[in-house]
Amino acid sequence: SVRLPGLELRGEVLGDATQALAVLESAQLSGGRIVVSCKNLIRVDFSAAGSILNWVALRQAEGHLVQFQDVHRLVAAFFNVIGINAHARVMLRAA
């Protein structure tokens, strides 16, 4: 399992999520699990979710297992609709 400081999505991720995902690019490792904290994530819009989906699909193709932790229920439901959880594990925030 890979836990790097700062490996998180936070605040509102809107529009092109390239900048938010650039921080996650630091996790260029050979296989293994990438754990991304979402405990400070408030909102993700449709465009940003598409960018996240593409990023996760690429990491999966590289042999990584991506896990989003502490995801708000509404964001998790949105990730499910977009298809992100077909490529990554989405763990709900404790109530």
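Which residue forms a salt bridge with Arg10, and how far apart are the closest N and O atoms? I looked this up first. The partner is Glu8, and the closest N and O atoms are 2.6 Å apart. For a salt bridge I require a side-chain nitrogen of Lys or Arg within 4 Å of a carboxyl oxygen of Asp or Glu.

**Ground rules.** I am working with a predicted model, where local features need pLDDT of at least 70, side-chain atom pairs count only at pLDDT 80 or more, and totals for chains, interfaces and linings use all residues. Residues are numbered from 1 along each chain as its sequence is written, and side-chain values use heavy atoms, with hydrogens and water left out.

**Salt bridges.** I find three in the structure. I checked how open each partner is, taking buried as under 20% relative accessible area, exposed as over 50%, and partly exposed as in between (1.4 Å probe, protein chains only). Arg10 has a relative accessible area of 49%, so I note it as partly exposed.

Next I looked at Arg43, which pairs with Glu12; their closest N and O atoms are 3.7 Å apart. This pair links distant parts of the chain, with Arg43 in strand E3 and Glu12 in strand E1 (residues 11-13), 31 residues apart. My helices (H or I, at least four residues) and strands (E, at least two) are DSSP runs, numbered from the N terminus. Arg43 is partly exposed at 41%. Glu12 is partly exposed at 47%.

Then I turned to Glu62 and Arg59, whose side chains meet at 2.9 Å, N to O. Is Arg59 buried or exposed? Arg59 is buried, because its relative accessibility is 4%. Glu62 is partly exposed at 39%.

**The core.** I looked up the largest nonpolar core, which has 26 residues. Such a core is a set of buried Ala, Val, Leu, Ile, Met, Phe, Trp, Tyr and Cys residues joined through side-chain atoms within 4.5 Å. Val44, Ile52, Phe68 and Ile84 touch the most other members. Among the elements that each supply at least two residues are helix H1 (18-24), strand E4 (64-71) and helix H3 (73-82). Helix H2 gives the largest share, six residues.

Leaving aside neighbours within four places in sequence, Ile84 is in contact (heavy atoms within 4.5 Å) with Ala49, Ile52, Leu53, Val56, Phe68 and Phe79.

**Val75.** I found this residue in helix H3. Val75 counts as buried because its relative accessibility is 7%. Not counting residues up to four places away in sequence, Val75 touches Leu41, Ile42 and Val44. Leu41 is 34 residues from Val75 along the chain, and their C-alpha atoms are separated by 8.6 Å.
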